[in-house]
Amino acid sequence: MKILAIETSCDETALAILDATGDIESPKFTVLASALNSQIEIHKEYGGVFPAMAKRAHAENIVPLLETCLSEFISESSSNKQDPESNPGRQNDVLEKINWDEIKTILDREPELFAKLETFIKNNPKPDVDLLAVTSGPGLEPALWVGINFARALSVAWSIPLLPINHMEGHIASVLLEQNVAVFPVLALLISGGHTELIHIPEWKSYTKIGQTVDDAIGEAYDKVARLLDLSYPGGPEISKLANNAREAKITIPDEIALPRPMLHSKDFNFSFSGIKTAALYLVQRLKEPTGELSAAQKEAIALEFETAVTEVLCKKLTKAIIEYGTNSIIVGGGVIANTYIRSELQKVAAQEDVAIYFPNKELSTDNAVMIAMAAYLQQFDTDVVVNPTIKAEGNLSLD
Ligand code: KG4
Ligand code: ZN
């Protein structure tokens, strides 16, 4: 089955086409095409993602990205070596059947996007794709709507069924590209800019959230502490660099720089990161008092202490959940897993508890459409898929 997926939940516009085979227990995926535009440069100025700007950038970039993705797909897949000139009959059949009024209604609020899509559909052959998929939440609703409406318009134009996908299921499925997660129950630890969640998975498509942050997400805490240290957005990689320097130099953290480990001993599987951020704020204010600035050494020490504190909490909660739920495999997903220290500490937990651990490759740890296509493949088993389903953007969509 060939799946075309669309992701616009935050600040990445992404499209991908995958070939998926195998049953739900052992799915196999090949990426046939992929195109992605990151808006980091746009949002850097504001120190975070600006929803209205994100929406506009998605609407501007989505047709060009589809173009890139489809030309890669056509040149990759031999069965698709057909263009409108070589098969004008088929293309005319497709065009004749299109209900443009319906598409216009779907893209009612995006007249420019409608015009671009109309031109695109008229000039390009219908691709040999069996299923469309789009992220319907969680995320920024204005951004999600662009992807949803665009996907519904494509679904109508090409008469291809469409499935809404939960972005977090995408992060879970992100590990499946090169490896088969075979031993259930699985525990997923999802750590990103918007989420920190522990999900118990007895089998594919069955998700129970057993813990989550009660305030800030871990990536959000990284970004906020980075701002306190005058580092640029996104802050995760910046803090991580400083923390690595300090770790390599084997510095000892002075007592005055110690940060709390919120909820380390709480009986549940929830997390809290806003207390660490607030403690870091007071710490920075105190350290800045004499000179008005932090020294490079102080910044490195704070980065190291912050990273050590959040990692300790993650590892402790994960260990507790593995034992409580009789977990056999761990999946870790989300942008924060680009962090090599967190990765290696989680690997230690897995080794200690004798469970398998799966990470996505680097490109699939941040938001992308490949993971959405893989989640769609899992979802379509025993599900009726239809052309142009009603889909709502749900900013707070939960996995269970
Ligand atoms: O999953 P993602 O790309 O977007 C969301 O869905 O949120 O995650 C982005 C988050 C940002 O907060 C960023 O600072 C964090 O991931 N991040 C990192 C690292 N690279 C990205 N955090 C810690 N260490 C890193 N190396
Ligand atoms: Zn994400």
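**Labels and their grounds**

Author: Between domain 1 and domain 2 there are 3 residue pairs in polar contact, both residues at pLDDT 80 or more. This is a predicted model: local features need pLDDT of at least 70, side-chain atom pairs count only at pLDDT 80 or more, and totals for chains, interfaces and linings use all residues. Residues are numbered from 1 along each chain as its sequence is written, chains are lettered from A and ligands numbered from 1 in the order in which they are written, and side-chain values use heavy atoms, with hydrogens and water left out.

Reader: Which helices supply at least two residues each to the side of domain 1 that touches domain 2?

Author: Helix 1 (40-44), helix 7 (167-173) and helix 14 (370-380) do. Helices here are DSSP runs of H or I with at least four residues, strands are runs of E with at least two, and both are numbered from the N terminus. The largest share, 4 residues, comes from helix 7. By class, this side of domain 1 has 7 nonpolar, 7 polar and 4 charged residues. Ala, Val, Leu, Ile, Met, Phe, Trp, Tyr, Cys and Pro count as nonpolar, Asp, Glu, Lys and Arg as charged, and the others, Gly among them, as polar.

Reader: What are the bounds of domain 1 and domain 2?

Author: Domain 1 is 2-172 + 365-380, and domain 2 is 181-360. Such bounds come from an automatic or database domain assignment. The centres of the two domains, taken over C-alpha atoms, are 32 Å apart. The contact (heavy atoms within 4.5 Å) takes 18 residues from domain 1 and 20 residues from domain 2.

Reader: How much area do domain 1 and domain 2 bury between them?

Author: About 1600 Å², 70% of it on carbon and sulfur atoms. Buried area is the accessible area (1.4 Å probe) that two parts lose on being put together, summed over both. Met 168, Ile 172 and Ser 365 supply 38% of the area that domain 1 buries against domain 2, more than any other three residues.

Reader: Why is the pair Lys 241 and Glu 238 called a salt bridge?

Author: The label needs a side-chain nitrogen of Lys or Arg within 4 Å of a carboxyl oxygen of Asp or Glu. The closest N and O atoms of Lys 241 and Glu 238 are 3.7 Å apart, so the pair qualifies. Both residues lie in helix 9 (residues 235-248), 3 residues apart, about one turn of the helix. The whole structure has 12 salt bridges. Between domain 1 and domain 2 the count is 0.

Reader: What makes Gly 335 a polar contact of ligand 1?

Author: A polar contact is a pair of N or O atoms within 3.5 Å; within protein, one must be able to donate a hydrogen and the other to accept it, and residues adjacent in sequence count only if both atoms are side-chain atoms. At Asn 339, a side-chain N or O atom is 3.1 Å from a nitrogen atom of ligand 1.

Reader: Where is the cis peptide bond that has an omega of about -10°?

Author: That bond joins Tyr 233 and Pro 234. Pro 234 sits in the loop between helix 8 (218-228) and helix 9.
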